[in-house]
Amino acid sequence: MVCQRERSEEIVVISPHTAHCILWTLLFIVFAVIQLNDSDPWAWFAIYLLCAGLWLAEALDRRSPIVTLPVLLVLIFWMGTLAGAPVELATRGTIGDLMGQMTPEKPNIEESREFLGLGICAISLLVLLSGATHKECRL
């Protein structure tokens, strides 16, 4: 005699909000891992991992503007310290120089890349703080 058991399978449905948060989390984890190949990896690894952690907290309904806002302010301040580099690069080079090799003639390439990386972090945290991805929001 074959005994058959009823199996109850639970289907887990991920909300668009949670999927969005997980996407940002994974993106920043990838950014952090890529930074390990850089000449100054630890600050950038920490920044990207911190952003990943903030998005993961949002995905787990542990949102904390008290933590997110100071991080955003630090990122914006840091971008301000680097703001001259992309301007300098734009006036003396081309946007394609960002993908090129750093040379003594174009010292602002690295700082321009850093400025853009901080910009990605800051924009994502602005989205996070604005609540645009929050479950109750309708886009």
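**Reading the packing of helices**

Biologist: Which residues of α2 meet which residues of α3?

Modeller: Ala43, Trp44, Ile47, Leu50, Cys51 and Leu54 in α2 meet Val67, Thr68, Val71, Leu75 and Trp78 in α3, where contact means heavy atoms within 4.5 Å and helices are DSSP runs (H or I, at least four residues), numbered from the N terminus. This is a predicted model, in which local features need pLDDT of at least 70 and side-chain atom pairs count only at pLDDT 80 or more, while totals for chains, interfaces and linings use all residues. Residues are numbered from 1 along each chain as its sequence is written, and side-chain values use heavy atoms, with hydrogens and water left out.

Biologist: At what angle do α2 and α3 pack, and how far apart are their axes?

Modeller: The angle is about 145° and the axes of α2 and α3 are 11 Å apart; axes are lines fitted to C-alpha atoms over the stretch in contact, and angles run from 0 to 180 degrees between N-to-C directions.

Biologist: Which residues in the largest nonpolar core touch the most other members?

Modeller: A nonpolar core is a set of buried Ala, Val, Leu, Ile, Met, Phe, Trp, Tyr and Cys residues joined through side-chain atoms within 4.5 Å, and buried means under 20% relative accessible area (1.4 Å probe, protein chains only). Of the 22 residues in the largest core, Phe28, Trp55, Leu75, Leu118, Cys121 and Leu125 touch the most other members. The helices α1 (16–35), α2 (41–59), α3 (65–82) and α5 (108–130) each supply at least two residues of this core, and its largest share, eight residues, comes from α2. Leaving aside neighbours within four places in sequence, the contacts of Leu125 include Cys51, Leu54 and Trp55, and also Val71 and Leu75.

Biologist: Is Met79 buried or exposed?

Modeller: Met79, which lies in helix α3, is buried, with a relative accessible area of 16%. Leaving aside neighbours within four places in sequence, Met79 is in contact with Phe115, Leu118, Gly119 and Ala122. Met79 and Leu118 are 39 residues apart in sequence but 6.3 Å apart in space, C-alpha to C-alpha.

Technical notes
Buried < 20%, exposed > 50% of the residue type's maximum accessible area, 1.4 Å probe, protein only.
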